[in-house]
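Subject: Structure handover

Hello,

Here is the structure I promised to pass on. My notes follow below it.

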Amino acid sequence: MMSTLKTPQTGTGELLLSLRGVSKHFGAVSALIDVDLDVHAGEVVALVGDNGAGKSTLVKILAGVHRADAGTMTFGGREVTVSDPRESLALGIATVYQDLALCENLDVVANLFLGQEVNPLRLDEVEMETRAWTLLRELSARIPSVRTAVASLSGGQRQTVAIARSLLLDPQVIILDEPTAALGVAQTAEVLNLIERVRARGHGVIMISHNMEDVRAVANRIVVLRLGRNNGLFDANASAEELVGAITGAADNAVTRRSARRSASTETEAPS
Ligand SMILES: Nc1ncnc2c1ncn2[C@@H]1O[C@H](COP(=O)(O)OP(=O)(O)O)[C@@H](O)[C@H]1O
Ligand SMILES: [Mg+2]
């Protein structure tokens, strides 16, 4: 089902984050052109699109890695600028990149509290272990022991540790870049369940994915980017065909039919 871009979306919770008219160029390359995005509390927004569509660039703008050339970002009702990753984190946006940035030789507790940002209280070992257990239990995470080295965890368990780590500072919005890429069926199911539990805690989740099955299983809304532009906004009932049509820009799909209708009516209205 399509809804119109540029109108406020009604989600399950309050509007947390809004981008309007965001553009980003790298030299002659237009990575993003006039992109809009809304994220509400307690919803999963899937960001989909072909390679080069602009998904990573959009995430990096939210994460403070890149600065947009144009457009606005509103967070918690006020307009903000995010000039570096620290500012993004401080606002309440946590990003889990595809490489996860975990230390193989360290155990789960050490990885959860790695870096100063996630240990502002300078917790001692016992407190860290307790908090690690509490959080993982809350998330019903299947980790055998918090003293297991990350090297011996499965792909799904690693993703779980990375997601749990991003939740330690209690962000309002959490961004997951391809959380199920390279996972088998059972591990994918485990991670999708985890994403549902993260949503149930009231966070707004942005999930990048190439897998239409995963997207339709977990997303409340699906935002399609194509060649750097918004190219469709769908709910979870969208068919795989509709999604693929919007992603690839196939000649005959709901998006192109709609925009064809729209430009036809604009032409009739325009003075000749
Ligand atoms: N740092 C960069 N320098 C130059 N071009 C870039 C850079 N990052 C992304 N691009 C270009 O911007 C476009 C969008 O890329 P990206 O956001 O990575 O897409 P996606 O994540 O959807 O595959 C591509 O054409 C890509 O080559
Ligand atoms: Mg990418």
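Which residue in strand 4 is the bridge partner of L19? M73 is that partner.

Before the rest, some conventions. This is a predicted model, in which local features need pLDDT of at least 70, side-chain atom pairs count only at pLDDT 80 or more, and totals for chains, interfaces and linings use all residues. Residues are numbered from 1 along each chain as its sequence is written, while chains are lettered from A and ligands numbered from 1 in the order in which they are written.

Overall

The chain has 9 helices and 10 strands; these are DSSP runs numbered from the N terminus, helices being H or I with at least four residues and strands E with at least two. Of its 272 residues, 39% count as buried. A residue is buried if 20 or more other C-beta atoms lie within 10 Å of its own, exposed if 12 or fewer, and partly exposed in between, with C-beta atoms placed from the backbone. Among contacts with a separation of 6 or more, 68% join residues 24 or more positions apart; a contact means that the two C-beta atoms, placed from the backbone, lie within 7 Å.

Strands of a sheet pair through backbone hydrogen bonds, either parallel or antiparallel. Here, 4 strands form an open sheet in the order 2-1-4-5, with antiparallel pairing; two strands count as paired if DSSP finds at least two bridges between them. Strand 2 (29–40) and strand 5 (78–80) are at the edges with a single partner strand each, so one side of each has no neighbour in the sheet. From one strand to the next the twist averages 25°. Angles run from 0 to 180 degrees between N-to-C directions, and axes are lines fitted to C-alpha atoms, for helices over the stretch in contact.

Strand 1 (residues 15–26) and strand 4 (residues 70–75) are antiparallel and share 5 bridges. Besides the L19 pair with M73, R20 has T72 as its bridge partner in strand 4. Strand 4 is also joined to strand 5 by 3 bridges, again antiparallel, and F75 is partnered there by R78. The hairpin of these two strands has 2 residues between them, and G76 takes a positive phi near 55° in it.

Is strand 7 (residues 173–177) enclosed or open? 5 of its 5 residues are buried, so strand 7 is largely enclosed by the rest of the structure. V173, I175 and D177 point one way and I174 and L176 the other, and all are buried. Strand 7 pairs in the parallel sense with strand 6 (residues 93–96) over 4 bridges, and with strand 8 (residues 204–208) over 5 bridges, also parallel.

Helix 1 (residues 55–62) lies across strand 1 and strand 2, running at about 60° to strand 2. It is mostly covered, with 8 of its 8 residues buried. Just after helix 1, G64 takes a positive phi of about 80°.

Ligand 1 is surrounded by F26, V29, A31, G49, N51, G52, A53, G54, K55, S56 and T57; a residue counts as near if its C-beta atom, placed from the backbone, lies within 6 Å. Strand 2 and helix 1 are the elements that give two or more residues to this shell, and helix 1 gives the most, with 3 residues. The shell divides into 4 nonpolar, 6 polar and 1 charged. In that count Ala, Val, Leu, Ile, Met, Phe, Trp, Tyr, Cys and Pro are nonpolar, Asp, Glu, Lys and Arg are charged, and the others, Gly among them, are polar.

Regards
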